[in-house]
Amino acid sequence: MATPVRCNWAGVFPAATTQFDSSLGLDLSATQAVQSALIGEGVHGLVVLGTVGENNSLSADEKRTVLKAAVQTSGGKVPIIAGVSELTTANAVAYARDAASIGVDGLMVLPAMVYVPTAAELEHHFLVVAQATSLPIMLYNNPPAYRVNIELDTLSRLARQPNIVAVKESAPDSRRFTDIFNAFGDRFVVFAGLDDLAFEGLCLGAKGWVSGLTNAFPKQSLQLYEALSSGHLAKAREIYRWFMPLLHLDAEPDLVQTIKLAEEIMGRGSERVRPPRLTLTGERRAAVAAMVNKAAATIPSMRALER
C-alpha cells in the first residue's frame with residue numbers, strides 16, 4: 001500500500017478521463033498515459049473516477065484497478081483524489097475504505113446516484129462516508145447534474161466533521177462562492193467546479209479548480225490559474241475569453257463525450273466512451289471538433305499577453 005501524501009488543496013486538478021480500448025474494455029496503459037501526461041504538464045493534482053472519469057460505467061473491480069494505477073503513476077508527485085459515486089451509502093463506505101487502503105490522498109464524495117435525497121438524507125450520506133475514513137474529503141455540489149443542492153444549513157452541520165475539508169462548487173451561480181465564504185470563512189477550501197465559472201470562482205476566493213477541459217488544454221488551464229493567482233487580470237481575461245467556447249462544454253449533459261473528443265483531437269487520449277454514453281456523431285461532433293480546432297489554432301501567445 002502506498003502512503004498518501006499530504007494533500008495540498010489548491011491549484012488545477014483535472015478530472016482525468018478513463019480510457020477504453022476498441023472493444024470498450026478498460027485500457028489501463030492508456031489511462032496511465034493520460035494521467036502521466038497531465039502530471040508532466042504541471043497540474044497540481046488529479047481527480048480520478050469523477051463524472052469525467054466515467055465512474056458509474058466501471059465495475060467495482062475496475063474502479064479499484066484505476067485507483068491503483070493512478071497512485072502508481074503519480075508516485076507521490078501530486079495528490080490523487082478519488083471520486084466516490086455509488087448507488088448506496090454502504091457501497092460508498094466500502095469504496096472509500098478501499099480507496100484509503102490503495103493509497104489515494106483524498107476523496108471527492110458525490111450524492112448517492114439515481115435517488116434524489118432530502119437534505120437530511122444527503123447529510124447522512126456524506127457524514128457516514130466521512131466517518132468511515134480518515135482521508136480528507138471534498139464534497140461535490142452540482143445541483144444541475146445531481147438534482148440536489150448542499151444547502152448552507154447542511155454545510156454548517158457537516159462542518160463539525162473534521163475530515164470534511166473542501167467543497168467543489170458547481171452551482172451555476174457565482175454568488176454561491178461568496179455565500180459560502182460569508183457563512184464559513186476559511187472552514188472549507190472551495191474549488192471551482194464548472195469550467196465556465198472558473199475565472200469568477202477563483203477571483204471570489206476559490207483556492208483551486210477541478211477542470212474538465214484541462215484534459216485537452218493543460219498548459220492554458222495552468223496559465224489561467226497562475227495569472228489569476230498572481231493578480232494579472234488582463235492576461236487571465238484574455239485566456240478565459242479564448243477558452244470560453246470550450247469551457248461551456250463542461251456544463252453540458254454530453255460533457256464526457258465532448259471532453260474526450262477534445263482529448264483525441266489534441267492527441268492526448270481517445271474519444272471512446274462506454275454506453276449508455278455514445279461517441280458524438282453528426283452535427284454535434286462536427287461542431288465540437290470545429291471549436292477544438294479553432295481553439296488549437298488561436299491559442300493566445302504568452303509573449304503577446306505580457307505586453
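Visitor: Which helices and strands each supply at least two residues of the lining of the largest pocket?
Guide: This is a predicted model, in which local features need pLDDT of at least 70, side-chain atom pairs count only at pLDDT 80 or more, and totals for chains, interfaces and linings use all residues. Helices (H or I, at least four residues) and strands (E, at least two) are DSSP runs numbered from the N terminus. The elements that each give at least two lining residues are helix H5 (143–146), strand E8 (208–211) and helix H11 (255–265).

Visitor: Which element gives the most to that lining?
Guide: The lining of the largest pocket has 33 residues, and Thr51, Ala145, Tyr146, Leu255 and Arg277 are those nearest the pocket centre. Three residues come from the element that gives the most, H5.

Visitor: How many residues of the lining are charged?
Guide: Asp, Glu, Lys and Arg count as charged, Ala, Val, Leu, Ile, Met, Phe, Trp, Tyr, Cys and Pro as nonpolar, and the others, Gly among them, as polar. In the lining of the largest pocket, 17 residues are nonpolar and 11 are polar, and the number of charged residues is five.

Visitor: At what angle do H1 and H2 pack?
Guide: Helix H1 covers residues 28–41 and helix H2 residues 60–74, with axes 10 Å apart. H1 is oblique to H2, and their crossing is right-handed. The packing angle is about 40°.

Visitor: Which residues of H2 does H1 meet?
Guide: Contact means heavy atoms within 4.5 Å. The H1 side consists of Leu28, Gln32, Gln35, Ser36 and Ile39. The contact of H1 with H2 divides into five nonpolar, seven polar and no charged residues. On the H2 side are Thr65, Val66, Ala69, Ala70, Gln72, Thr73 and Ser74.

Visitor: Are H10 and H12 roughly parallel or roughly antiparallel to each other?
Guide: The axes of helix H10 (residues 233–247) and helix H12 (residues 282–297) come within 9 Å and cross at roughly 160°. Angles under 35 degrees count as roughly parallel, over 145 as roughly antiparallel, 65 to 115 as roughly perpendicular and the rest as oblique. H10 and H12 are therefore roughly antiparallel.

Visitor: Which residues of H12 make the contact with H10?
Guide: H10 passes H12 in a left-handed crossing. Trp242, Pro245 and Leu246 form the H10 side. The contact of H10 with H12 holds six nonpolar, no polar and no charged residues. H12 contributes Met291, Val292 and Ala295.

Visitor: At what angle do H3 and H4 cross?
Guide: The axes of helix H3 (residues 89–102) and helix H4 (residues 119–131) come within 9 Å. H3 and H4 are roughly parallel, and the crossing is right-handed. The axes cross at roughly 25°.

Visitor: Which residues of H4 make the contact with H3?
Guide: H3 brings Thr89, Ala92, Val93 and Ala96 to the contact. By class, the residues of the contact of H3 with H4 are five nonpolar, two polar and no charged. H4 brings His125, Val128 and Val129.

Visitor: Which residues does a cis peptide bond join?
Guide: Most peptide bonds are trans. In the loop between H11 and H12, where Pro276 is placed, omega is about 20°. The cis bond joins Pro275 and Pro276.

Visitor: What is the phi of Leu24?
Guide: Leu24 sits in the loop between strand E1 (11–14) and H1. Most residues other than glycine have a negative phi. Leu24, which is not a glycine, has a positive phi of about 70°.

Terms used: Residues numbered from 1 in each chain as written. Heavy atoms only, no water. Axes fitted to C-alpha atoms, helices over the stretch in contact; angles between N-to-C directions. Left-handed = near helix turned anticlockwise from the far one by under 90°. 1 Å grid on protein atoms, 1.4 Å probe; cavity = no way out; pocket = protein on both sides within 12 Å on 5 of 7 lines; lining within 4 Å.
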